[in-house]
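Please read it alongside the model.

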Amino acid sequence: MRAPEPWPSRSHPGLVRPRLLDELNGLRTARLALVVAPAGAGKTTLLAQFASTWTGPVRWWQVDSAGATAEHLVDVLLDCVPGRPSGNSPAGIDTLLPALRAAPGTPDTLVVIDDSHLLARGDAWSALETVLAHAPTWLHVLCAGRRMPDLNLSRFELAQTGLVDAEQLRFRSWEVEDLLREVYREPLPPDDTAALTRRVGGWAAGLHLFHLSTRGQPLAERRRTVAALDGRSALTRAYLARTVLGELPAQLREFLVRTCVFEVLTPERCELLLGRPGTSRQHLEELERRRAFTSSPDGGRSYCYHEVLRAHLAVTLADEIGEGAAREWHARAGASLAAEGAEVEAARAYARAEDWTAVRDILDRLGIRAVDEGVEPWRDVLPDWLVAEDPWLMLAEGRHLLARGRLAAAIDHLRAAEDRFADERTRARCRAERRLAATWLPGRAAIAGHYSAALREATRQHPTLVAASTAGQPLVQAVGYLLAGNLVEARRCVAYHPAGDADVAGLGVQLLQACWSLATGAPEGRQRVGDVVTAAERARLPWLTRMARAARALDGTPRGAVEARAVVRECDREGDQWGAALALAALCLVRSVAPVSANTDLEESVELLQRCRALDAGVLEVWAQALVALATAAVGLPDADVEAQRAEGLARSAGVPGARVAALAAARRCGSTTTDPRPFAAQCGLPPAIAVRWAGAGLDDRVRVAEPAPVEVRCFGGFRLRMRDRPVNLSGVRPRTREALRLLAMYAGRPVHRETMIEALWCDLPPAAATRNLHVTLSSLRTFLEPGTPRGHSGLVVRSGDAYRLALPEGGYSDIAEFTTALTEARRARLGGGAAAAVEPLRRAVLAYGGDLLPEDGPAEWVVHEREVLRQQATDAALGLATAALAAGAVEEAVAAAERCVQIDRYCDPAWRLLADGFDLLGNPAAAARVRRDYAEVLASLHAPGPDRQPATNPGRQPPANSGRQPPATAGRRSPARVLSRGPAAPGVPAVS
């Protein structure tokens, strides 16, 4: 019997990277996983780390050229059979398969095959494929090598094969930081860590060789070594010469050296440069097949060399032909690239040739395209003096700092770039970028119309109102509802939003979707977060990469908490204050639900409170105060009731109902109240189970988490129907049937007489034909909504005499019903307790109104009147909310409600007056001036008198005669001219001067 070969020691595992272990965890339910990457990528280290987590037996086979045979493979696999007699000679497949099948109940066994690329010379792959196709489920194989194995991975038995490639093995900058700090015990500052990662391309062996060459040296010397990395390291050159170049034929080695001047290689470029037609394609394909640090991202159309190899080849080129000739060779490549139109690459080639005149000329021609490329590709080829002088590079540096979350530094660079530009259009671009960065600093600077301005406003106060006023922006809506604690609405905003957008908003939506998967324990949660991390890296958004990593704390595992804490430290080192606060907030929220240590929770919550105050983020500060109250109550400090009262007061004034639930739970936990927080949680969209966890002992923990409505009907802003939390696809339903469904939904559960339906849908038909069509349509609708339901037993479309109604089941939701109910409650509250008592139902009404009623039905007569009535009611509700909020001193809520009122009805002059005055009271004269300019445009569009010419008559509040959004030019209701007048305003609302 062949003795099992030892596998790498567990005492020196290197840096454990959870994302890679997660990739391989699929092997526990599959037969095969592959790790394919060039030499020195960290394959063996990953295999050893994964093998150490395997709970069953492990067999390790280190392949060498002498034993790369099918017989040796069979012998290794036979070792997995329990009770194999000692001394058996190697057997073939015919003996192996029966032996494997005859071992029932065997624990899951892992066979690790390292350096599997050496099996290419024999028939071992054919034998392994046969075994994997017929082996029992307890056998799992993990192969690592430099080339893809010769296996038919399209076979059904191998369909679930996992793959970890060189890109996944590449060390990220935060992993390099952890490696230097935790494994090598010689950390570097963040900027040097990023430079080291960039210059070695995340290559594991390159990082190790850097450590070997600088081990024990002072920090200053190690930093100088990073700055001087240019491919001349003796250890790196010796490694590459031995493991890469030494294995290549002379003609391939020469080809590598001569073509290293290109960042992206194509056969055409190489042939033009070398003057040797007909051989470049074969050379590139052979290098890619050998995985000689050569890869093709697009299936063979173009190729690229690893950055470390390119640096080594550039030094080799200079050594072989001389420094001057090497610069001429780079210039020759730059000229060919410029002629091809690849000006960005041409500029960098000219930079390596030190032809700064050519570089400046190309940068001037590139303009904004140089900025779009980002500053990273220029860092290692341009001198600092040129970057400091060129405005385009300064603009790129400002964008880069903004993407890293370093707001103040980004603003400084963008201001410097603006000063250097002479073109006013480009200066305006710099100002816009600077204002975007300033949006997130304390104060009121914001870019009008940009979604980040709404996001920033949601962090200050009343996030629910911000979410309700940003229809069509799922990221802003979801974040607003999350900040308010309404998880139900936040999930609806992103649950069915298609993924794939690579911009910041699209990636943000994908991250929220992944967070929901993590928080609910979905098995694909960590994988979805990993996809966002990869996409954010590709988009060069380090701050978003860090947020995705911090989101892993939501899975509730210790590993996720450790990663979130690491992100907080990394953000602090980077100067990303928002990132540090958000990462810490995620950690504190998770620990508040499943606390590890009450003292730790209290310390971290107090730290979070201080960070949020420094950011001028009122909503986050309210949440932090609520978490402080929860932690104080958990510890049992004597002032816990005071902290809970403070948290509830802040939550009320800032409009954060979720934080108020946490405050009530803290008060109950410390015994200062007996109020049950669960009803408040259900009302604001927070699962009651979370309130139970917050309140601790004294509440029944066996409560149902708030579930989506069984049937959800929305008519405002467009018709949407969901059943069992899934959108209903109505594309296969006849148009008239869809119209009948919308008509019934418009009445929100009220009976609709059949004559009303016939008049609306079949007014041009004889009564008998119209009645027959009605019966057929409703029968078709019942069959579609409730297939298989017996005739006369429909639960949704119900007949009552000569009328029909859309009957929602218990727990069903209709936005029209919610809107009208809230208005009724507001009227009753106003009669019983004054305007202040009507604030809460008015908020609900404004939130329920998501836009015009059934806009897809256009000017249909049956919807026009109802649409205008509901729009008028929504306008009055938003105006009433704004007026009451201003009277109560809640100026920010008043402004948000007034903005919503103007969005609903741009001709409501009291709302314009209140909006402008509200911005004045907030100390934002620029926003107030913008409101007055916008309103002046409304005046001009109606040919109304200007502010200095008040109209002789007041046209009153009569609804317009037409059915569209624009009032007639002759007699619009509530003339906009009154906005700028000094006449009396609505009660409690000051006039605008």
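## Helix pair α36 and α38

In α36, Gly658, Val661, Ala662, Ala665, Arg668 and Arg669 meet Ala691, Arg693, Trp694 and Ala695 of α38 (contact means heavy atoms within 4.5 Å). The residues of this contact are six nonpolar, one polar and three charged. Ala, Val, Leu, Ile, Met, Phe, Trp, Tyr, Cys and Pro count as nonpolar, Asp, Glu, Lys and Arg as charged, and the others, Gly among them, as polar.

Helix α36 spans residues 657-669 and helix α38 residues 688-695. Helices are DSSP runs (H or I, at least four residues), numbered from the N terminus. The two pack at about 35°, with axes 8 Å apart. Axes are lines fitted to C-alpha atoms over the stretch in contact, and angles run from 0 to 180 degrees between N-to-C directions.

## Basis of the model

The model is predicted: local features need pLDDT of at least 70, side-chain atom pairs count only at pLDDT 80 or more, and totals for chains, interfaces and linings use all residues. Residues are numbered from 1 along each chain as its sequence is written, and side-chain values use heavy atoms, with hydrogens and water left out.

## Cysteines

The whole structure holds zero disulfides (pairs of cysteine sulfur atoms within 2.5 Å). For cysteine 588, the closest cysteine sulfur is in cysteine 612, 9.1 Å away, so too far for a bond.

Cysteine 588 is buried, at 4% relative accessibility. Cysteine 763 is exposed, at 55%. Buried means under 20% relative accessible area, exposed over 50%, partly exposed in between (1.4 Å probe, protein chains only).

## Leucine 482

Leucine 482 lies in helix α26, residues 474-484. Leucine 482 is partly exposed, at 34% relative accessibility. Leucine 482 touches Leu487, Ala490, Leu512 and Trp623, not counting residues up to four places away in sequence.
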